[in-house]
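Morning, everyone. Today I want to talk about salt bridges. Here is the model.

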Amino acid sequence: GRVRAPAIRALGLLGARTYAAEVRDKLDDATEDEEVRMQAARALGAMCDWGSLDLLTSYAHKAADRLSSGKLQSIGSAAIVALGRLHPPDLQKRLAPLMSPNAPRGARFAAQAALEKRGTCGARR
């Protein structure tokens, strides 16, 4: 993870969308290191990878699930940030489960921040 996490972060910062499928695979790899998976979620947002919306939404919802492990909640928080960068037109609907009073406070705050943030990706391509 000490090499993979920074490498994935760099791909995101470079906007290297040609590697989006591989980065998605790292996010969704349950055997991968937590930091690598968090960086993968963030990188997909930084890459403006619209093909990751459903995967990111799935992980964002894990941040709202009090039964999720701390690891999945951390990855979910990174996915919320990525969704905020993408800021699809249906972001409010995607983040609705996180706005529930039953969701952990941190997840609610992250979702609210994502909703208030202006997306950095422009219109969906």
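I'll go through the charged pairs one by one.

First, the ground rules. This is a predicted model, so to speak: local features need pLDDT of at least 70, side-chain atom pairs count only at pLDDT 80 or more, and totals for chains, interfaces and linings use all residues. Residues are numbered from 1 along each chain as its sequence is written, and side-chain values use heavy atoms, with hydrogens and water left out.

How many salt bridges does the structure hold? There are 5. The term means a side-chain nitrogen of Lys or Arg within 4 Å of a carboxyl oxygen of Asp or Glu.

Take R4 and E32. Their closest N and O atoms are 2.7 Å apart. R4 sits in helix α1, residues 4-14, and E32 in the loop between α2 (20-27) and α3 (34-46), 28 residues apart. Helices here are DSSP runs of H or I, at least four residues, numbered from the N terminus.

Buried or exposed? E32 is buried, at 5% relative accessible area. R4 is partly exposed, at 36%. Buried is under 20%, exposed over 50%, partly exposed in between, with a 1.4 Å probe and protein chains only.

Next, D49 and R24, at 2.9 Å between the closest N and O atoms. D49 is in the loop between α3 and α4 (53-64), R24 in helix α2, 25 residues apart. D49 is buried at 7%; R24 is partly exposed at 25%.

Then R94 and D54, at 3.2 Å between the closest N and O atoms. R94 lies in helix α6 (residues 91-95) and D54 in helix α4, so this pair ties together parts 40 residues apart in sequence. R94 is buried at 13%, while D54 is exposed at 58%.

Last point: salt bridges with shared partners join R4, K26 and E32 into one network.

Note on methods: Helix = DSSP H or I, 4+ residues; strand = E, 2+ residues; numbered from the N terminus.
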